[in-house]
Structure formats: structure tokens, C-alpha cells
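I am opening this notebook to keep track of what I look up, one entry per topic. Each entry says what I checked and what I found.

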Amino acid sequence: MTSIYDTRILNLVIFSPLLMAALVLFLPRTEKAQIRAVTFVGMLFNLATCLWAWTRFVPRHPNEFQLEYRMRWIDDLGLSYHIGVDGLAMTLVLLTGVLGPLVVLASWTYVEERVKEFHLALLVLQTALIGAVCSLDVLLFYVFFEAMLIPMYLLIGVWGAEERQMAATKFFLYTLVGSLLMLVALLAAYFIAAPAGSRSFDYATLYNGLMSLNREVAACTAAGDCSNVSAGASALLRWGPLMFIAFSIAFAIKVPMFPVHTWLPDAHVQAPVAGSMILAGVMLKMGTFGFWRFAVPFFPVAARQYQVIISLLAVIGIVYGALMCLAQKDIKKLIAYSSVSHLGYCMLGMFAFTSEGATGSAYQMLNHGISTGALFLLFGFLYERRHARLMADYGGIARVMPVFTAFFLIVTFSSIAVPGTNGFVGEFLVLLGSFKSNLPMAFSVAATTGVILGAAYMLWMVQKVFFGTVTHQENLGLKDLNRREVLAVVPLLILIAVMGLRPQPFLDMLNPSTERFIARAQYASGKTDAATEDAKVRVRVRELPAKADVVAEAAPAAMPRLMPTGRILPAAALNLQNP
């Protein structure tokens, strides 16, 4: 049963980190322990609100979006503050909530300079990430999408390694260019989707308006005659592919996909452990989520037109990323290139346009956030002790750090998709969906080789770093994980096991979103009856609250009259009649 609190939960989830940032702002700069403790408590509270929202979400609810809250913002522009979540958004919100406290724990002793500003950036970034996932107004999504750039730029550029300024600038410029392209396409969709007077940036208005136009475009394209379509359909026929490309470039940079991935290795290598965890764990998912929520549903005809091209780029990313990993000597850069490969599976499964592929894509988004986030977390602990990134600087450290080695091996098994871990479920579903799709068989075969290459580069790195003889005397003095570090890693290990051995609760959460995504991707393709298809894909959301009633102005009271003596006497007392 829905309660009045359900419509307020997401506001608390989104803005509780920002409220905690306001508290941190008033703490003395020298009180580093207090700043860390308050930030950690704030992240724990945010996690608690995420879990509360998770318990209130009903996977098979008839409403696509739940926990909705909507209020008027700028009526003249059709802009409202509208938030809500479906199954995929809810899982990403929970993933962000889980990583929040772990990021603070991971950085407890890593950051000693400008501690206050560092934790403020973490809290602001947490709000921006969750806000983007929950936004049901497309311009509101864009605001959060852009807002996350600034704190991440600061995390890399201020607290990063020796070439941090170059990496931060590269990250910012790449993402900003993509964002501006998306803004242009978003404004074009705003003007095309609805006539003047009824335009809105709300997700439902934009999607439902474009839905009928997409059907017109698909029908006239199939018939070979588009001379008699409506003005909106004519505009979509002309500009729709370019709008889809603009959205795709923006989100492909964020994923990142080949060939716009070159900012990622530099950003990961130079970023502090917190920056790498957030970047790999959540921020890269803004790209895959953007394809899922906006690019494909808004422009299904164009998405099918470019399906093979985007799938080919995804496969190239899988193989290229794996081969680049085999060529690396820097451990952190190897993990960074593995992200390019793993997220290629997300894109391949999504653009297979099959239920198995889409489910695997959504599951792989979560897997990558957990497994790669854990790899960066663990290497951050090692780097904090040794301040070296090259594999040649290690060797044989399993002898002196057995607990650390055991944890790293478990995460490695997850990364290479060993059965029983979360990685296996996601990659298996992606490959199954791609084999069943209309994509060329060669794509699926090439993607399968990525699994083999993934095992090769990860096990090769593990062998060189952890086993053999200790070749550097400095490594003999390395200390194993302490209690704080174990506490930071164990939740991720638990998720790896639970999602690998009991994936069904997560799949149940994702399946309704997957079904709707596939229906929208195949919209107007002629595979389903039009009326049935429209009813299935139409977006239904909470109505805007009514405007406050305008109180009618009362008639002005009669002015008092001035008597000759100067005294004021009301007109009624004079007992005068109007002429």
C-alpha cells in the first residue's frame, strides 16, 4: 500500500548528502577526524534511505515509475521537478548508496590535504549521481548530468597523481562536448514532440509525443512514400537520425565506447582511489543508462537503423580493451582498460534488442560497478602502502599480504566471470542474447573471445603481482589489510557472492524495465499490433499538481468623506443616497 511518505522518499535519498555537506561546511578545516566521521555518517544515512526506497519498490507494480514526486517549477517552459524510479534506476540508486560509505572508508588515510573540500566534493557528487538516475524531467536530468562534472573534475584535478591536471581537463572537455550535443538534440525533441502551448520537458510528454511521430515515420518509410506525413513526423524523419547520433555521442563518451574512450585510462590512473571507485562504480553507468532511458526509446527507428554500427563499436571495444590490457605494465591502467571491455558487453547486450541481452546488459551495469569498483578499492590500499603502479614493482606479495591476496583473487574471479560470481550471470545473458539476435554471428563470436582474453590479462596480472618470489625488499615490509580496510571490502565481496549465487531477486527487479525497453526499441517495427504496442509502451506518470486557486479580489470599500471641520466620517454615516 502506498503511503504519503513514499512520495517523499526519493527527495530524502537525493538531497540527504547535500544536507550533510552543509553541515560539513561549518566544521573547522583543522578537524579532519570530525569531517571524515560526519561524512561517513551522512553516507550511511544515505544508504539507509536507499534501502528504505528499495523496500518500498514493488517490481511487478502496474505503474512503471514508483515513488514519484512532482511539483511545478517553471510552467512557461513546461519544466517541472519530477522524480521517480523504475527497476533499473532503483538498482543503480542502491549501488550508489552502497558505494558511498565505502568510498569514505577507502580515503580515510589516503587524503590528508584539503580534507574538508574533498569530502564536500564526495557529498555533492553523491547527490548529482542519484538525482540524474531519478530524474523524470529530461532537463532536470541534464542539470544533474552536468552537475556531476564539477566535483569529479576536482577529485581528479586536486587530489590526483602527478599528471592530474591533464587527466581532469581531458575528462571535462570530452564530457562537456558530449553534453552540449545532447542539449541541442534535447531542445530539438522538445519542439518536435508537441505543438506550441503543450510543450514540456517531462519524460512522459516527450516520449508519448515522439511515439506517434515515430509510428508515422516507420510506416511511411516502409511504404516508400513520406510526402503526406504530418509536420512533426516530417521533422523527425529529417532530424531524428541526427538527434539520435547527438544523444549517442554524449552517452558513448560517458560509457565510454570505442573510439571516444581515450579520456578514461588517464582519468583512472590519475584519480585518487575514491575518484576511481565512483567513476567505475556509478558515473560510467550514466552513459549506458542514458542509452536505455533516452536515446533508444526516443528514437527507435534511428536506433534500429544504427543497431549494427553501435554493436560493432561495442564488439571492437570488448576485444580492443582486452588486448590493451595485455599490453599494460601499469596495474591501474590495466583495470581502466578492462572497463572499456566490460562495458562493451553492456552495449552489445542492449543493442541486441533481445530480452536476454537487455537483462544481461542491465545486470552487467551492476556487476561492473561492484567488481571494478572493488579492484580499484583494493589496488588503492596497495598503492597507499607502496606508491607504485607498475607490475614490475611487485611480485610475491601473497607471502606478506595473504588476506589482501585472497580478497583480490575473489574479485578477479568476478571480473573474469567465473561461475558462481556475479560476472558470470551478466556476461552469459549478454552473449546468449546476442547469439539469439539479428546481429551478425561474427559479433557474438568475437565478443566470446573477450571472455578468454579477460581471463588471460587478469590472471597474468595476478601471477606477476602476487606470486613468485619477492623481488623487491620494500615489499617484505608491506602490512596486510587492517580492520577498516576489511570493512570497506567485505560488503562488495558479499554482493559478488549473492548476485552470483542468488541472482533472481535482482533479475525480478530488472525484468519489468527490460520488457518495456525491448518493446520501445522494437516500437513500430511491425512485429506487434499497433493498439497493443501503444498501450504497452506509453509512459504514464503522476499528474502535475493543480495550480493554486487565485483568490478573487474583493470590491474596494467606499472611501471615507471629509467633513468641513476636518473630521473623517464614513459615507454610510451621512445617510446619503447615490444620485
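Entry one, the strands. I looked up how strand β1 (residues 66–74) and β2 are arranged, and found that they pair in the antiparallel sense over 6 bridges, where pairing requires that DSSP finds at least two bridges between two strands. Strands here are DSSP runs of E with at least two residues, helices are runs of H or I with at least four, and both are numbered from the N terminus. I note that this is a predicted model, in which local features need pLDDT of at least 70 and side-chain atom pairs count only at pLDDT 80 or more, while totals for chains, interfaces and linings use all residues. Residues are numbered from 1 along each chain as its sequence is written, and side-chain values use heavy atoms, with hydrogens and water left out.

Within the pair, I found that Y69 has I83 of β2 as its bridge partner. The hairpin of β1 and β2 has 4 residues between the strands, and G78 there takes a positive phi near 70°. I then asked how many residues of strand β2 (residues 79–85) are buried. The count is 7 of the 7, so the strand is largely enclosed by the rest of the structure; buried means under 20% relative accessible area, exposed over 50% and partly exposed in between, with a 1.4 Å probe and protein chains only. L79, Y81, I83 and V85 point one way from β2, whereas S80, H82 and G84 point the other way.

Entry two, backbone angles. Most residues other than glycine have a negative phi, and most peptide bonds are trans. I found that L67, in strand β1, has a positive phi of about 55° although it is not a glycine, and that L67 is buried at a relative accessible area of 7%. A417 likewise has a positive phi, of about 65°, and is found in the loop between α17 (402–415) and α18 (422–436). The peptide bond from V255 to P256 is cis, with omega near -5°, and the bond from F258 to P259 is cis with omega near 10°. P256 is found in the loop between α9 (231–254) and α10 (263–270), and P259 is found in the loop between α9 and α10.

I placed T175 in helix α7 and found it buried, with a relative accessible area of 3%. The backbone oxygen of F171 lies 2.8 Å from a polar atom of the T175 side chain. Leaving aside neighbours within four places in sequence, T175 is in contact with L149, I253 and K254, contact meaning heavy atoms within 4.5 Å.

I found E163 in the loop between α6 (149–159) and α7 (164–193), partly exposed with a relative accessible area of 44%. E163 and R484 are 321 residues apart in sequence and 29 Å apart in space, C-alpha to C-alpha.

Technical notes:
Polar contact = N/O pair within 3.5 Å; in protein donor to acceptor, adjacent residues only side chain to side chain.
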